Amino acid sequence: MPFWQTDTGTGTGTGNATSSSTTTTTSSSTSSSSMSSNGNNGSQQNQSNQLGETRPSLYYSTNAMFFVTKSLLPTRRRLRLDPPNKLFFPNEPGKQVRSAIGIKNTSKSHVAFKFQTTAPKSCYMRPPGAILAPGESLIATVFKFVEPPENNERLLDQKSRVKFKIMSLKVKGEMEYVPEMFDEQKDQVAVEQILRVVFLDPECPSPALEKLKRQLDEAEAELEARKKPPEAAAPRVVVEGLVIDEWKERRERYLARQQVEVDSV
């Protein structure tokens, strides 16, 4: 083969190879750059999506932590009870006995309270509920029928399953008490205390028994005071003064007119 054909073919082959390799390198670099740019855009989009998903989850987790913390915190009491967590009853099986508890509004607003019991057929309260002004207090009486103990068990050793609950509700000013207000505002109702029943031996003097008798007497006195009609205002006694002087002047003017009419006739 002539030398010029050989050299030309070699040069052409080399040029073609070089151009093809350059084209391949350029296309590969272009594709890699486009892939890297697409990868960066995709990663940025994924990060933005992850941030968008994280924000609502963070919001809900924060709210959940707030409500959990609020539920764990002790409820601020609106009422002060005396006794604070028990109801003392005399041990008299087969009879209806009484207990008493003092209730005082220690808040700065009007508060309604309501009694509840696990044995409504054998227990009732007087009053079952009321509205107390700030600083106002009363003594409520609780009535309970004492069941005879089973298997000759001493009632003092027997644990009563009856419990009482006192709930409170903040109200706006003075209003008439109705039990339905606790159903209408359930989210605002607070459980003040769950009271446990404790039996006392009436034949054995104790400070708890003496205090119970004193509270019952005060509750009866409060009840009698509420039953009495409001005292009528005392009749006003008119003494010598402006009222009588004005009345005298009017009467004198009237008599003077009558005298003038008589004279004219």
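The model described here is predicted. Salt bridges that share partners join Glu-220, Arg-98 and Arg-126 into one network. The structure also holds an open sheet of five strands.

**Salt bridges**

- Side chains of opposite charge can pair when their charged atoms come close.
- The count of salt bridges comes to three.
- Glu-220 and Arg-98 meet through their side chains in one of these salt bridges, at 3.1 Å from N to O. The pair links distant parts of the chain, since Glu-220 belongs to helix H3 and Arg-98 to strand E3, 122 residues apart.
- Arg-98 is partly exposed, at 29% relative accessibility.
- Glu-220 also forms a salt bridge with Arg-126, where the closest N and O atoms are 3.1 Å apart. Because Glu-220 lies in helix H3 and Arg-126 in strand E5 (residues 123-126), this pair ties together parts that are 94 residues apart in sequence.
- Arg-126 is partly exposed, with a relative accessibility of 30%.
- Lys-211 and Asp-82 form a salt bridge, with 2.5 Å between the closest N and O atoms. Here helix H3 (residues 207-227) supplies Lys-211 and strand E1 (residues 79-82) supplies Asp-82, and the two residues are 129 residues apart.
- Both partners count as partly exposed: Lys-211 at 28% relative accessibility, and Asp-82 at 32%.

**The five-stranded sheet**

- The strands follow the order E2-E9-E8-E4-E6, with mixed pairing.
- Strand E2 (86-90) and strand E6 (129-132) stand at the edges; each has a single partner strand, so one side of each is left without a neighbour in the sheet.
- Neighbouring strands of the sheet are turned against each other by 25° on average, direction ignored.

**Strand E4 and its partners**

- Six of the eight residues of E4 are buried, so this strand is largely enclosed by the rest of the structure.
- Strand E4 (residues 110-117) pairs with strand E8 (residues 163-171) in the antiparallel sense, over eight bridges. In E8, Lys-170 is the bridge partner of Val-111, and Leu-169 stands opposite Ala-112.
- E4 pairs with E6 in the antiparallel sense as well, over four bridges. Ala-130 in E6 stands opposite Phe-113.

**Asn-105**

- Asn-105 is found in strand E3 (residues 96-105).
- At 1% relative accessibility, Asn-105 is buried, because the cut-off for this class is under 20%.
- The side chains of Asn-105 and Ser-107 make a polar contact at 2.7 Å.
- Leaving aside residues up to four places away in sequence, Asn-105 touches several residues, including His-110, Val-111 and Leu-132.

Notes: Residues are numbered from 1 along each chain as its sequence is written. This is a predicted model: local features need pLDDT of at least 70, side-chain atom pairs count only at pLDDT 80 or more; totals for chains, interfaces and linings use all residues. Side-chain values use heavy atoms; hydrogens and water are left out. Two strands pair if DSSP finds at least two bridges between them. Axes are lines fitted to C-alpha atoms, for helices over the stretch in contact, and angles run from 0 to 180 degrees between N-to-C directions. Buried means under 20% relative accessible area, exposed over 50%, partly exposed in between (1.4 Å probe, protein chains only). A polar contact is a pair of N or O atoms within 3.5 Å; within protein, one must be able to donate a hydrogen and the other to accept it, and residues adjacent in sequence count only if both atoms are side-chain atoms. Contact means heavy atoms within 4.5 Å. A salt bridge is a side-chain nitrogen of Lys or Arg within 4 Å of a carboxyl oxygen of Asp or Glu.
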